[in-house]
Amino acid sequence: MANVDVDDLRSEGPSNWREFLILTSGSLQTLKWVWAHFAGSEGRSRVKSMAVWMLPNTAFKLLPFLAIGRLVTAVQEQDTPVARVATIGFFLSLVLMELTGNRIRAHREKALAACAVQIDKRLSELFFHHGIGQFLSEGSRLSAANVEKARGRVWSVMDLMMFEGIAALMDIGLAYVLVWLLSPRSGLVMTGLFVIHAFFSVYMSGRVMRDGVPIDREYRAHNVYRTDRWSLFRRVIMAGRVREEIDYMTEWMARISRKDNGLWLWFNDQISIRGVVMSVFFSLCVWWEVTCAFQGILAVASMVPLFSWSYNLFMNFWRLGHMERQLNWNMPSVQAMVVALTIPTDVPVKADALQVLPNGPLGIELRDVSYAYPSETSPTELVPVLSHVNLVIPPGCKVGLVGETGSGKSTIGNLLLRFMDPTSGAILVNGYNLRDLDLSSYCRAIGDIPQHPEILEGTLRDNVLYNVPLADRAAFSDADVWSVLAKVQLADHKRFTNGLDTRLGKNGMKLSGGQRQRLAIASAIIQHLRFVVIDEATSALDAKTERRVQKGIEAMLGENTTALMIAHRLPTLRFCDMIVILRPASSLAPGESQIEYVATSLEDAYAHSPTFRGFADELGMAF
Ligand SMILES: Nc1ncnc2c1ncn2[C@@H]1O[C@H](COP(=O)(O)OP(=O)(O)O)[C@@H](O)[C@H]1O
Ligand SMILES: [Mg+2]
């Protein structure tokens with residue numbers, strides 16, 4: 001069999017029968033995956049119990065027709081005792097149907113509750129399992145908007161599969177066996193109806209997959225676009241483009257919707273055609289049985305159950321068709337989500353990973369580190385950004401990193417924060433390979449002050465204490481929190497009118513840029529930091545605010561903290577023990593090191609690094 005990439009088929013849709021079969025089996029795999037991950041052990045055992053109760057329930061649903069058949073003949077034959085027994089049988093069946101139905105509904109409710117918890121938990125686990133670098137590079141697939149949309153679809157698929165599906169299959173199975181028992185003629189015709197149904201299903205699903213998959217892809221793209229514009233409302237409103245954006249998104253949505261609608265109208269017509277064809281066969285079958293009854297081959301008492309059961313079967317085919325439509329509609333989103341969430345993590349945590357303990361400054365070493373990003377135009381091609389970088393940062397050392405924009409400074413910072421792993425070479429932390437360390441414990445021991453700090457929806461206290469594990473929060477009194485805020489000159493009791501309970505607004509909207517930066521520093525230093533990466537944290541601030549933030553930074557950098565500070569404003573590196581000057585990997589002559597010079601002071605850097613001198617001269621500074 002030639003190699004067919006199922007992911008490709010999923011995004012393009014099948015173009016022939018073989019591809020359709022591959023995709024169909026892929027859909028079954030997806031259902032299995034959904035069941036395995038989202039039902040949870042509690043949900044699974046509930047569903048199994050429910051299935052066990054469904055069998056007698058289905059039987060009690062079908063048996064009353066047997067009693068009615070007996071009643072009809074009892075009336076014909078004026079046989080009161082038989083009529084009485086049949087009525088009692090009728091009554092018992094109904095009551096037992098109700099009682100078993102009660103058990104089914106109870107298990108169903110419990111299964112739903114268990115699944116609700118499990119879906120949320122598992123989605124979060126799968127979502128956060130990726131490296132930060134992956135979120136940045138796979139943003140279109142690994143987006144919260146896509147996962148959130150598919151979450152609802154997962155619900156529908158599970159509901160169809162676990163509740164409707166099992167019930168319909170049981171109804172069909174039992175009714176089919178009973179019809180065969182009463183009349184093999186009807187059994188045979190029902191088999192024929194099933195074949196007709198299946199034939200149409202395969203034909204219709206093929207078209208739905210071919211046309212529906214690209215439509216779903218457009219829906220998802222639209223969803224990502226809309227979510228992006230909603231969250232960046234400020235830009236949209238300030239650009240005066242609200243009307244244009246709404247018109248654009250509405251027109252786009254209308255276009256997708258038209259295509260989608262066309263497909264389902266076609267599907268609807270096919271269902272009707274199939275229904276009419278099956279009705280013809282079914283009616284002929286009824287007539288056949290009636291002629292048999294005329295000839296005495298079929299007992300009159302059997303006619304009621306036979307017609308009722310086969311009608312039940314017929315209606316369940318219709319129910320199956322409805323489920324197929326639902327499944328087809330939900331499947332592309334669910335599959336896209338499964339594909340996104342199962343992208344293997346690029347920062348795998350080993351089972352025997354070493355815990356990082358919270359004391360002493362860390363010594364960091366980049367040993368022959370190279371890193372390349374996938375090229376935008378062809379993902380198999382890599383664009384080298386770091387090339388064989390060697391650097392030793394002794395424990396407690398404050399390193400300033402200087403270089404042109406695009407030379408790879410942030411990439412070094414990101415590698416040290418383990419957003420991703422080096423393409424080759426290794427990062428050593430106190431002599432241990434960073435890949436062998438437990439990521440969460442490493443993250444708790446280190447700090448990250450980015451250029452754009454992320455403030456959580458919540459209070460001032462929530463934000464300062466966020467980096468502290470819940471179990472350790474009790475150790476921090478309000479006075480402790482205020483004293484940390486004082487270190488970064490943010491203990492402004494007048495500004496925070498509700499004290500530590502002051503709400504900061506979405507992404508800290510109620511704070512100035514400098515305040516946001518200082519808050520980020522406060523939340524980083526509330527715990528002892530063994531190593532911190534500060535990436536252009538002050539470059540967006542005015543000179544006065546920058547000095548205040550810089551003071552905050554220096555306040556946190558005691559001798560127990562190792563630091564890598566990336567900065568454009570050279571004077572902010574004054575306190576550094578070591579200045580590293582980086583040049584772009586693309587500009588290197590053969591054999592040349594990407595690190596142009598390692599200086600011990602700004603004066604040393606100015607004297608020996610042409611790049612550094614260039615920056616300083618541009619700024620009109622001499623050291
Ligand atoms: N997620 C990414 N995907 C692809 N290329 C990237 C990504 N991040 C950075 N780059 C590229 O890598 C190079 C180095 O970027 P960066 O480390 O941010 O440089 P610096 O911080 O020195 O300005 C730049 O050319 C940038 O465009
Ligand atoms: Mg940068």
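Predicted model: local features only at pLDDT ≥ 70, side-chain atom pairs only at ≥ 80, totals over all residues.
Residues are numbered from 1 along each chain as its sequence is written, while chains are lettered from A and ligands numbered from 1 in the order in which they are written. Local features need pLDDT of at least 70, side-chain atom pairs count only at pLDDT 80 or more, and totals for chains, interfaces and linings use all residues, with side-chain values based on heavy atoms and with hydrogens and water left out.

The protein is divided into domain 1 (26–341) and domain 2 (364–618), with bounds that come from an automatic or database domain assignment. The C-alpha centres of domain 1 and domain 2 are 53 Å apart.

A search of the whole structure finds 1 cavity of 30 Å³ or more, where a cavity is a set of points, on a 1 Å grid over the protein atoms alone, at which a 1.4 Å probe fits but cannot get out, and lining residues have an atom within 4 Å of a point. The largest cavity holds about 80 Å³ of space, a volume being the space filled by probe spheres set on points that are joined across faces, edges and corners. Its lining includes Arg153, Asp216, Trp264 and Trp329, and the elements that give two or more residues to this lining are H8, helix H10 (242–294) and H11; helices here are DSSP runs (H or I, at least four residues) numbered from the N terminus. H8 gives the most, with 5 residues.

The second largest pocket has a volume of about 1400 Å³, and a pocket is an open set of points with protein on both sides within 12 Å along at least five of seven lines. Of the 49 residues that line the second largest pocket, the closest to its centre are Ser27, Met209, Leu327, Met331 and Gln335.

Among the polar contacts (pairs of N or O atoms within 3.5 Å), an oxygen atom of ligand 1 lies 2.8 Å from a polar backbone atom of Lys409, and a backbone N or O atom of Gly408 lies 3.0 Å from an oxygen atom of ligand 1. Taken alone, ligand 1 exposes 560 Å², of which the protein buries 60%, with accessible areas taken from the Shrake-Rupley method with a 1.4 Å probe.

Notes: Polar contact = N/O pair within 3.5 Å; in protein donor to acceptor, adjacent residues only side chain to side chain.
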